[in-house]
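Dear colleague,

My notes on what was found in it follow below.

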Amino acid sequence: MRPKKHLGQHFLVDGAVAARIAQVVTEGSSQNGPLYILEIGPGTGALTAALVDLRADVTALEIDPDLVAVLRTIPGLAAARIVQADALAFDYQSYAEERRWRVTGNLPYNIATPLLLRLALMPHGPEELIVMIQKDVAQRLAAKAATPAYGSLTLAIQYMMRVERLFSLGPQVFYPRPKVDSTVVRLTRYAEPPVKVRDPSFLLQVTRAAFAYRRKTLANSLHLAINIERARTAAALRSIGLQPEIRGEELELAQFAALADTLQR
Ligand code: SAM
């Protein structure tokens with residue numbers, strides 16, 4: 001079978017890497033009751049097999065019917081549920097129910113960002129995501145304020161999840177070789193978000209708007225993106241001890257939370 005470029009098919013061909021990821025995914029799985037693993041994009045099943053070897057309860061979502069047919073014939077994967085589905089359209093809420101669950105996968109590049117946002121922000125979301133993503137997306141997830149990789153993705157994820165970059169992988173562990181390096185990250189859901197804010201959805205709206213016009217001041221960007229008067233933002237910034245001409249990328253998550261609360265007063 002030829003790998004399909006439009007589906008981001010770069011298959012993991014290094015069993016040791018698959019085993020290492022599976023180990024992290026199943027860490028502590030015997031504590032706190034049964035653990036369910038949802039894998040996104042199993043491809044040719046390297047990670048799926050490593051998870052099954054560790055006796056994990058695996059459901060794997062694969063969009064490509066040709067791969068689904070192959071996966072269902074592999075004896076070593078008999079214990080895994082292979083579901084043909086588009087990971088962007090899947091009903092995660094029904095899957096989650098009251099379960100304790102984690103997500104893993106070598107994510108197709110084109111869906112990684114919307115998928116991570118959705119899984120991080122959903123109610124009863126996974127307690128952990130251990131995923132292989134492009135190195136530069138991993139940098140955005142883990143970024144600190146006032147760096148080029150910092151943005152609304154960073155803030156939305158860091159509001160819900162602790163971000164760790166575990167290890168990076170060169171193109172040689174995949175077939176066909178991708179043009180970029182990959183990083184395995186672990187996102188761990190906070191029991192309580194690290195900052196308090198009255199209206200989380202307004203916080204996320206403000207952080208998105210703050211980076212909509214990256215080169216402009218925060219007050220200008222909020223005005224252009226969500227029509228908040230510049231003077232109102234400037235006054236709110238002053239009242240929390242920040243310069244009115246500051247740019248969005250200079251604010252930490254806690255400062256965005258304070259700004260959102262002040263703007264809503
Ligand atoms: N995890 C596999 C491995 O390591 O060998 C393959 C990873 S490959 C980067 C991405 C996989 O996701 C492919 O098998 C592709 O068919 C599948 N895929 C792409 N878009 C998808 C989507 N929207 N929903 C589910 N699977 C998708």
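In this predicted model, the largest pocket has a lining of 33 residues, and those that lie nearest its centre are L7, G41, E62, N106 and P108. The elements that contribute two or more residues to that lining are β1, β2 (36–40), α2 (46–53) and β3. The space in the largest pocket comes to about 440 Å³, and when its lining residues are divided by class, 19 are nonpolar, 11 are polar and 3 are charged.

What takes up the space of the largest pocket? It is the ligand that is found there, and the shell around the ligand consists of 21 residues, of which L12, G41, E62, D86 and A87 come nearest. Two strands, β1 (11–12) and β3 (57–62), each supply at least two residues of this shell. Sorted by class, the shell around the ligand holds 11 nonpolar, 7 polar and 3 charged residues.

In the side chain of Q9, an N or O atom is 2.9 Å from an oxygen atom of the ligand, while at L12 it is a backbone N or O atom that lies 2.8 Å from an oxygen atom of the ligand. At A87, a backbone N or O atom again takes part, lying 2.8 Å from a nitrogen atom of the ligand. As for how much of the ligand is covered, the ligand taken alone exposes 590 Å², and the protein buries 98% of that area.

The peptide bond that joins Y175 and P176 is cis, with an omega of about -10°, and P176 itself is in the loop between β8 (174–175) and β9 (182–189). The other point concerns R55, which is not a glycine and yet has a positive phi of about 65°; R55 is placed in the loop that lies between α2 and β3.

With best wishes

How values were computed. Residues are numbered from 1 along each chain as its sequence is written. This is a predicted model: local features need pLDDT of at least 70, side-chain atom pairs count only at pLDDT 80 or more; totals for chains, interfaces and linings use all residues. Side-chain values use heavy atoms; hydrogens and water are left out. A residue is near a molecule or strand if one of its heavy atoms lies within 4 Å of it. A polar contact is a pair of N or O atoms within 3.5 Å; within protein, one must be able to donate a hydrogen and the other to accept it, and residues adjacent in sequence count only if both atoms are side-chain atoms. Accessible areas come from the Shrake-Rupley method with a 1.4 Å probe; for residues, only the protein chains shown count as cover. On a 1 Å grid over the protein atoms alone, a cavity is a set of points where a 1.4 Å probe fits but cannot get out, and a pocket is an open set with protein on both sides within 12 Å along at least five of seven lines; lining residues have an atom within 4 Å of a point. A molecule sits in a cavity or pocket if more than half of its atoms lie within 2 Å of its grid points. Helices (H or I, at least four residues) and strands (E, at least two) are DSSP runs, numbered from the N terminus. Ala, Val, Leu, Ile, Met, Phe, Trp, Tyr, Cys and Pro count as nonpolar, Asp, Glu, Lys and Arg as charged, and the others, Gly among them, as polar. Grid points are joined across faces, edges and corners, and a volume is the space filled by probe spheres set on the points.
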